Amino acid sequence: MPEAPMMSLLVLVRVGERESKIFRGEKRGGVVRQCLEVEEEEMRAEIMSIFSLISGRAGPSGFGSASTAEQVTEGIDDSKLTAIVTGGASGIGLETARVLALRKVHVIIAARNMEAANAAKKLIIKENETARVDVLKLDLCSIKSVRAFVDNFNALDVPLNILINNAGVMFCPFQLSEDGIEMQFATNHLGHFLLTNLLLEKMTHTAKATGIEGRIVNLSSIAHCHTYERGIRFDKINEENWEEGINITVNSVHPGLIMTPLMRHSALLIRILRVFSFFLWKNIPQGAATTCYVALHPSLKGVTGKYYLDCTEVKTSAFARDSVLARELWDFSNKLVTSVAKP
């Protein structure tokens, strides 16, 4: 399977660790001071990030946590582009699809629930009669469904400029997919891993034929800063408890805290927590802003391998930049997909 530049690293944005944890008591002298300085610098950066989140203060991009998806894409006309949005039937995925369609992008909503996807399409077209929206079934926790989706998409004979890996689940009860893989890992990582690889040829061809840069946007979470000591426990996945020179960029984003269907498995707990952290939460238009910014904004032309929060590039954890761990995840995922494909 060909490699997408930076794709394996960016998938790891889901599973990293605070870099400040490199500090250990056995360090001595100047090394200790250096580690403390790193810790203090990161703490200051986190404090400023929280302040910016609460205040809505704009960053270097001119946008901040209070910016909406419409605001960050204002004035953009991308009628020549086609985009796939996974999980585009609800939540920030629906808002992303709506705003992309508003900016004249041909949007393909990829969703497991076709009734919800068709309702989303009708909603978008009702607001914008000229919107170009199609829906295709995609169940990311099923290898068979992912392959069928790609076949159905290719049958449409349309270009592919943007792939937004938006769909995900969280806090779901432990269960295995039809392929025998833990459901959250199968949906959030493995399904998108396979989908992206199967669509790379189409994206590469589109970029070469049109001269327009392709963009892959992976939705992630700031929670990647808190994980296991080694980053990923490959041996515990199922326990209960790219080609050079292609004109495609790959970036990850953290949308922020938003009350969406993603929270459905922990709705009561989240509502309680929200009472005490209401100042940190965004509405759905604000939650979709960073995704739309990274997908469409011309200022990000040629920018790849970055991580964005509130439309601003931020530093990831050490694990998210660990090329050895990235390779291990890539090989592990390839092996898993291949094993499922065997009769």
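Predicted model: local features only at pLDDT ≥ 70, side-chain atom pairs only at ≥ 80, totals over all residues.

Student: How many disulfides does the structure hold?

Tutor: A disulfide is a covalent bond between the sulfur atoms of two cysteines. A pair of sulfur atoms must lie within 2.5 Å to be counted. On that basis, the number of disulfides in the structure is zero.

Student: Where does Cys-311 lie, and is Cys-311 buried or exposed?

Tutor: Cys-311 belongs to the loop between strand 9 and strand 10 (312-313). Its phi is near 65°, a positive value in a residue other than glycine. Most residues other than glycine have a negative phi. With a relative accessible area of 2%, Cys-311 is buried.

Student: In which loop is Asp-157, and what is its relative accessible area?

Tutor: Asp-157 is placed in the loop between helix 6 and strand 4 (162-165). Asp-157 also has a positive phi, near 55°, and is not a glycine. Asp-157 is classed as exposed, and its relative accessible area is 65%.

Student: How many residues of helix 10 are buried?

Tutor: Among the buried residues of helix 10 are Ala-289, Tyr-293 and Leu-296. Helix 10 is largely enclosed by the rest of the structure, because the buried residues number eight of eight.

Student: Is helix 4 parallel or oblique to helix 10?

Tutor: The axes of helix 4 (residues 91-102) and helix 10 (residues 289-296) come within 9 Å and cross at roughly 40°. An angle under 35 degrees would count as roughly parallel. Helix 4 is therefore described, relative to helix 10, as oblique.

Student: Which residues make the contact of helix 4 with helix 10, and how many of them are nonpolar?

Tutor: Helix 4 contributes Thr-96, Val-99 and Leu-100, while helix 10 contributes Thr-291, Cys-292 and Leu-296. By class, two of these residues are polar and no charged residue is present. The number of nonpolar residues in the contact is four.

Student: What is the arrangement of helix 6 relative to helix 7?

Tutor: Helix 6 (residues 143-155) and helix 7 (residues 183-210) have axes 10 Å apart and pack at an angle of about 25°. Their crossing is right-handed. Since angles under 35 degrees count as roughly parallel, the arrangement of helix 6 relative to helix 7 is roughly parallel.

Student: How many charged residues does the contact of helix 6 with helix 7 have?

Tutor: Among the residues that meet are Arg-147 and Phe-149 in helix 6, and Leu-194 and Lys-202 in helix 7. The contact has ten nonpolar residues and two polar ones. The number of charged residues in the contact is two.

Student: Where is Thr-249, and what is its relative accessible area?

Tutor: Thr-249 is part of strand 6 (residues 248-254). Not counting residues up to four places away in sequence, Thr-249 touches several residues, including Glu-213, Arg-215 and Val-303. Thr-249 is buried, with a relative accessible area of 5%.

Conventions. Residues numbered from 1 in each chain as written. Heavy atoms only, no water. Axes fitted to C-alpha atoms, helices over the stretch in contact; angles between N-to-C directions. Helix = DSSP H or I, 4+ residues; strand = E, 2+ residues; numbered from the N terminus. Parallel < 35°, antiparallel > 145°, perpendicular 65-115°, else oblique. Contact = heavy atoms within 4.5 Å. Nonpolar A, V, L, I, M, F, W, Y, C, P; charged D, E, K, R; others polar. Buried < 20%, exposed > 50% of the residue type's maximum accessible area, 1.4 Å probe, protein only. Left-handed = near helix turned anticlockwise from the far one by under 90°.
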